[in-house]
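Biologist: I have a model open and a few things to ask about it. Can we go through it together?

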Amino acid sequence: MAKLYFKYGAMGSSKTAQALITKYNYEENDLNVWLIKPSADTRDGQTILRSRIGLEAQVAVVPPEEDILQRFLREQLGVCNVIIVDECQFMTEAQIDQLRAIVNDYSIPVMCFGLRTDFQTRLFPGSRRLMELADEIQEIKTICDCGAKATVNARIDGEGHIVTEGAQVVLGGNDSYIAMCHRCYVNGIRERKVIRLHTH
């Protein structure tokens with residue numbers, strides 16, 4: 001039975017690396033992978049998916065208005081054995097429904113990797129829909145600087161303070177965000193702490 005999987009974690013939890021390793025493992029078994037990402041994610045260029053540890057692969061880009069089911073029927077029916085989605089939080093709710101339909105109607109497993117919540121600890125629309133529809137939900141864990149489990153994707157401004165308002169989607173990596181436990185996040189806001197980012 002094919003399933004819809006949602007594998008989520010805070011920033012820095014190696015989600016993209018896991019997506020790329022999963023792709024490699026399928027391909028090693030002579031299975032074809034359709035690797036896709038939403039067009040909102042442009043950090044590594046439009047058609048490259050790259051992890052912080054240096055793994056990378058060509059990726060098909062899906063704009064928010066595109067019907068993934070129709071594209072699958074056009075390009076991938078009878079070709080791919082599995083679909084891997086990175087940055088799935090940026091998919092629309094309709095696109096998650098389309099991925100669910102591919103699983104149901106064509107028995108193609110779909111593995112979605114992404115964030116659960118934004119910098120204000122609110123669910124992204126795509127992630128909320130996955131929470132509602134996925135057959136299996138798995139947390140990819142990472143830790144806060146204090147050693148506790150990180151659950152919050154804190155956005156940090158130029159002065160090192162936690163940002164609490166603004167647009168839901170502001171692209172960035174270690175230069176703009178840090179994974180924190182909820183206690184450190186709340187204390188950081190309350191005490192206007194200067195947060196040190198993990199930039200190299």
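Biologist: Is Asp-30 buried or exposed?
Modeller: Asp-30 is exposed, because its relative accessible area is 70%, and the cut-off for exposed is over 50%. Bear in mind that this is a predicted model.

Biologist: Where is Asp-30 placed?
Modeller: Asp-30 sits in the loop between H1 and strand E2, which covers 33-38.

Biologist: What is phi of Asp-30 near?
Modeller: Phi of Asp-30 is near 60 degrees, a positive value in a residue other than glycine. Most residues other than glycine have a negative phi.

Biologist: Then Ser-14. What is phi near there?
Modeller: For Ser-14, phi is near 70 degrees, and again the value is positive in a residue other than glycine. Ser-14 belongs to the loop between strand E1 (4-8) and helix H1 (15-28).

Biologist: Why does Ser-14 count as partly exposed?
Modeller: The relative accessible area of Ser-14 is 33%.

Biologist: Change of topic. How many helices and strands does the protein have?
Modeller: Five helices and ten strands. The radius of gyration is 17 Å, close to the 16 Å that the globule rule gives for 200 residues, so the protein is as compact as a globular protein of that length.

Biologist: What does the C-alpha trace span along the principal axes?
Modeller: The C-alpha trace spans about 55 × 30 × 25 Å along those axes.

Biologist: And what percentage of the residues count as buried?
Modeller: Of the 200 residues, 49% count as buried. The protein exposes about 10,000 Å², and carbon and sulfur atoms supply 47% of that area.

Biologist: What about contacts between residues at least 24 apart?
Modeller: They make up 74% of the contacts between residues at least 6 apart in sequence.

Biologist: Let's take a buried one. Which strand holds Leu-35?
Modeller: Leu-35 lies in strand E2. Its relative accessible area is 4%, so Leu-35 is buried.

Biologist: Which residues does Leu-35 touch?
Modeller: Leaving out residues up to four places away in sequence, Leu-35 touches Leu-20, Lys-23, Leu-49, Ala-57, Gln-58, Val-59, Ala-60 and Ile-84. As for Gln-76, 41 residues from Leu-35 along the chain, the two C-alpha atoms are separated by 11 Å.

Biologist: Now Phe-90. Buried or exposed?
Modeller: Phe-90 is buried, with a relative accessible area of 17%. Its place is in the loop between strand E6 (82-85) and helix H3 (93-106).

Biologist: Next, cavities. How many of 30 Å³ or more are there?
Modeller: The structure holds one cavity of that size. About 50 Å³ of space lies in the largest cavity.

Biologist: Which residues line the largest cavity?
Modeller: Its lining consists of Tyr-8, Gly-9, Ala-10, Arg-116, Thr-117, Glu-139, Ala-150, Thr-151 and Asn-153. By class that gives three nonpolar, four polar and two charged residues.

Biologist: Which residues does Thr-142 touch?
Modeller: Not counting residues up to four places away in sequence, Thr-142 touches Ala-10, Met-11, Gly-12, Ser-13, Ala-148, Lys-149, Ala-150 and Ala-179. Among them, Ala-10 and Ala-150 also line the largest cavity.

Biologist: Where is Thr-142 itself?
Modeller: Thr-142 is in the loop between strand E8 (136-139) and strand E9 (152-155). At 15% relative accessibility, Thr-142 counts as buried.

Biologist: What separates the C-alpha atoms of Thr-142 and Ala-179?
Modeller: The separation is 7.8 Å, and the two are 37 residues apart along the chain.

Biologist: Last one, Gly-166. Where does it lie?
Modeller: Gly-166 lies in the loop between E9 and strand E10 (177-180). Gly-166 touches Phe-119, Gln-120 and Arg-155, residues up to four places away in sequence not being counted. The C-alpha atoms of Gly-166 and Phe-119 are separated by 9.3 Å, with the two residues 47 apart along the chain.

Methods. Residues numbered from 1 in each chain as written. Predicted model: local features only at pLDDT ≥ 70, side-chain atom pairs only at ≥ 80, totals over all residues. Heavy atoms only, no water. 1 Å grid on protein atoms, 1.4 Å probe; cavity = no way out; pocket = protein on both sides within 12 Å on 5 of 7 lines; lining within 4 Å. Points joined across faces, edges and corners; volume = space filled by probe spheres on them. Nonpolar A, V, L, I, M, F, W, Y, C, P; charged D, E, K, R; others polar. Helix = DSSP H or I, 4+ residues; strand = E, 2+ residues; numbered from the N terminus. Rg over C-alpha atoms; globule rule 2.2 N^0.38 Å. Buried < 20%, exposed > 50% of the residue type's maximum accessible area, 1.4 Å probe, protein only. Contact = heavy atoms within 4.5 Å. Areas by Shrake-Rupley, 256 points an atom, 1.4 Å probe, with all protein chains shown as cover.
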